[in-house]
Every structure is written in C-alpha cells, then in structure tokens.
Amino acid sequence: MRGARGTRSLQRLAADHETPNGINHRIRTTWFDPANSEALRRALDDLLADLNQPGGQAGDPRNTQDPGLT
C-alpha cells in the first residue's frame with residue numbers, strides 16, 4: 001500500500017514485483033535481514049546524494065567518498 005506521499009517501502013516494492021515463493025521472493029526473505037536492508041538503504045541514499053550533486057554521475061569513482069574505491 002502506498003504511503004502518504006505515494007511511496008512504498010523497498011520491502012513492499014520488491015514484494016509487488018515477485019512471484020510468491022519464487023526465486024526472488026526466497027532471496028529477498030532470507031538475505032534481506034535488517035543489517036543487509038540497512039546497508040542497501042545507505043548505499044541507495046549515497047547514490048541518490050551523488051546523483052543530486054551538480055554534475056554528479058553515478059558509478060564515477062571520482063564522485064565517491066570511499067577512498068577504497070578510487
């Protein structure tokens with residue numbers, strides 16, 4: 001169900017696009033524990049922040065804040 005701003009949680013969005021008990025459902029429900037879900041949320045938030053920078057381009061290692069990726 002959509003929230004007040006017309007958005008769905010990542011969990012709901014994924015569930016809406018998978019076959020019940022299918023491969024995607026099984027991976028999502030076993031791999032996406034709270035720690036993995038939080039790591040994905042952080043990664044997506046960082047990606048969005050990079051994309052919102054003037055001239056920001058996702059995937060360009062010069063735009064990352066992690067020195068291990070340069």
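Predicted model: local features only at pLDDT ≥ 70, side-chain atom pairs only at ≥ 80, totals over all residues.
I started with R12 and D16, whose side chains meet in a salt bridge (2.8 Å, N to O). For a salt bridge I counted a side-chain nitrogen of Lys or Arg within 4 Å of a carboxyl oxygen of Asp or Glu. R12 counts as partly exposed at 36% relative accessibility, and D16 counts as partly exposed at 35%. My classes were buried under 20% relative accessible area, exposed over 50% and partly exposed in between, with a 1.4 Å probe and protein chains only.

Residues are numbered from 1 along each chain as its sequence is written, and side-chain values use heavy atoms, with hydrogens and water left out.

Next I looked up the fold. I found three helices and zero strands in the protein chain, running α-α-α from the N terminus on. Helices here are DSSP runs (H or I, at least four residues), strands are E runs of at least two, and both are numbered from the N terminus. Of the 70 residues in the chain, buried ones make up 9%. The chain exposes about 6000 Å², and carbon and sulfur atoms supply 55% of that. Accessible areas come from the Shrake-Rupley method with a 1.4 Å probe, and for residues only the protein chains shown count as cover.

Back to charges: I found six salt bridges in the structure. Which partners does R41 have? One is E38, with the closest N and O atoms 2.5 Å apart; these two residues lie in helix 3, three residues apart, about one turn of the helix. Another is D45, at 2.3 Å, N to O, and it sits four residues from R41 in helix 3. Salt bridges that share partners join E38, R41, R42 and D45 into one network.

Then I checked the greasy side. L10, L13, L44, L47 and L51 form a nonpolar patch on the surface, with about 390 Å² of accessible area together. Helix 1 (10-15) and helix 3 (34-52) each give two or more residues to the patch, and helix 3 has the largest share, three residues. Patch members have over 30% relative accessible area and no salt bridge; like charges are joined within 9 Å, nonpolar side chains (Val, Leu, Ile, Met, Phe, Trp, Tyr) within 5 Å.

Last, I looked at N21, which has a positive phi of about 65° although it is not a glycine. N21 is in the loop between helix 1 and helix 2 (23-31).
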